[in-house]
Amino acid sequence: MKLFFKIITLLISLKEFMLKLISTISLFLFSFSVFAEKLTIVSVNNGDMVRMQKLASDFTKKNPGIELDFQFMEENVLRQKVTLDITNKGGAYDIMTIGMYEAPMWGEKGWLVPMNDLPSSFDIDDILPAVRGGLSHNGVLYAAPFYGESSFTMYRVDLFAEKGLTMPDKPTWGEIYKFAKALHNPPEVNGICLRGKPGWGENAAFIGTVANAFGARWVDDQWNPQLTGPAWTHAFSFYVDLVQNYGPKGAPNNGFNENLKLFNQGKCAMWIDATVAASFVTNKEESTVYNKVNFALAPSAVTEKGGWLWSWAIAIPAGTKKEAAAKKFIMWATSKDYIELVADKHGWANVPPGTRTSTYTNPMYLNNAPFARLTLAAMNAADPSMTGTLKPKPYIGVQFMTIPEFQAIGTEAGRQFSAALAGKKSVEDALESANKSAYKILKKGRYIK
Amino acid sequence: MQLTRVSYGKIILSPTIIILLLWILVPLALTVYYSFQSYNMLDGGSTGYIGWMNYEFFIFDEAFYDAIINTFITVLSLLLFTVFFGFIFASLLNSDIFLSGLVKVLYISPFLVIPTVSALLWKNLMMDPINGFIAFLLNLFNYEGIDFLNEYPLASIITMLSWTWIPFATLLILTSLKSIDKQMIESAKIDGANTFQISIFIILPNIIRSINVIILLETIFFLAVFAEISIATNGGPGTETTNLPFLIFQKGLQNFDVGESSAGGLIAVLLANFVAIFLINLLRKNI
């Protein structure tokens, strides 16, 4: 019995001790949290963003009161998380990476903190007009661009020389087809690498620009989907033919990052994708072919109109309590100083491209980045307005439509595109299905009466 | 007034029952409500009543039929594989081979691997057409790597799931094999029964109960396969590996169409109930 009481008293004292311990710890944590504000940043796992995390100690050194918590994820997953969080006012993230699709739509809804009253050091007029326009609604900027991109052709000089081929400055898709055929030599090297991974920001975006080049548009001026029209059919069957015959194995699973890996391993003779890839394929540490790459404009077919335009940008969801700190971080990450910091640590060729005029007038950048002039030319040529394609269209955006329904339309279409590329469906069937689901979605959204 | 035993019991139980009902009914009611709304998440919520349109579009979607067929193929073929190979491997493990303890532990381990991990493992280490192990073996003999996940997508998913679930079936069958009295088999042999007769008349009746349990549990799991599909193929290419749960996920969290996703969810609840009734009847007869 005595032993029993002893154990009980021991337990009670232990419990008191634990309670004290917990309260001290929580008090300590609380006082700590008063001093350090923690910003949760969610971002796409592209190379430039990952590099920013590595350089973030520069920011925390300058702003000792702010802690940073980075979360990186793949593009499709990022969209899912960010959209869920912002529509439910979840407040899980203080800073989110979004693109040209989301920024104007969410800005209009008042879900994002407008980028007003920016410090003069940010120099908003220095931002490339196409990028600034794409991230604004009614002239108000809602997300600060981290990098911007158009698309162009990257090709292997050594392989072209070996076969006695020359890449013109402005190739056509017909020429690209001939080159791919001549250079295809698997498993060592594939004629061409193009996106095939389903997703509206992956294959649907890329195929959208191919379709633009062939004179197509997503919908006509009455919002009737055009995917079964002659221009789309021509463009899409061309793409499927090209990638099935002269592309790498597993192309239906390859997105931007997968193709980047293949190109850097020397497995692609040509790659047509976002201009931002250029700094990675010419990077000595990442690429095995860094000194054998050259660039040309994105191919055209019946028109040169309708070239890719995209920007990954950083925004603050409305309603956050850490707005001031979040803005401070954004001003740091998208500033001229950050660009110089990257140049200092990693060389000028690796600075985030496509955001600022000052970058493209800087002789250091122009001399060190062989792709700089072409990137700028491609970005200036891209026109997201309603007259940006061969035939006029009722939506804003080049490779996407800036309407909430496009997420569903593009995702469904991307799924059908990859099925056709994998040979599981005929080109006509895939386009038919994509067209049908686009029609349903637009009808549900009351675009089509 | 005196409370009877029964009504007293009802009062005591009522909090639990009310909580349980709320737990089930509130989400169900919300799902029913959303299924009649035009609800695009990117539009910031519901934009009004649209009648049966969500149901109409979900049921007449080609992907819905593909999903039903894929679910059906997955469940049936996996049940067949796991029970068949489970029986064979269990019989092998039942005989006392060298280091049988270690072999058993190794053999069971795939079942303990988390689904997402096993999907990643198969996708990147085994089935990748350029860097995968199978491609490596094929390259050794000068063949090109096979793009399993695009050329044979559903078969690849079934392979991954079999790898995980055959050990489970084996384990259950092995335990009932162990419980068969050896004397029974010996006496059958003395009476002149051959191996086939022994398997059919002695072994099979003894393991039929564990096979029933396997069928019940595995059907429940295979109807809701998600991780492997999401990681390895994302339902694709096209709708080749989309099953019903994945289709509902796609509508809701990839297309951000909450209305159609809710309608799909309710249809899936109906279908799952049919299967459940069928299975319960089947088991009632056998156990």
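Q: With which residues is A:A313 in contact, leaving aside its neighbours within four places in sequence?
A: This is a predicted model, in which local features need pLDDT of at least 70, side-chain atom pairs count only at pLDDT 80 or more, and totals for chains, interfaces and linings use all residues. Residues are numbered from 1 along each chain as its sequence is written, and chains are lettered from A and ligands numbered from 1 in the order in which they are written. Two residues are in contact if their C-beta atoms, placed from the backbone, lie within 7 Å. On that basis, the partners of A:A313 are A:I98, A:G99, A:A103, A:L135, A:A143, A:A144, A:P145 and A:F146.

Q: Which residues of the largest nonpolar core touch the most other members?
A: A nonpolar core is a set of buried Ala, Val, Leu, Ile, Met, Phe, Trp, Tyr and Cys residues joined through C-beta atoms within 7 Å. A residue is buried if 20 or more other C-beta atoms lie within 10 Å of its own, exposed if 12 or fewer, and partly exposed in between, with C-beta atoms placed from the backbone. The largest core has 141 residues, and those touching the most other members are A:I95, A:A143, A:M154, A:A235, A:M270, A:A313 and A:A315.

Q: Between which domains of chain A does this core lie?
A: Domain bounds come from an automatic or database domain assignment. Both domains give residues to the core, so it lies between domain 2 (36–148 + 311–368) and domain 3 (151–308 + 385–444).

Q: What percentage of the residues in chain A is buried?
A: Chain A has 449 residues. The buried share of them is 51%.
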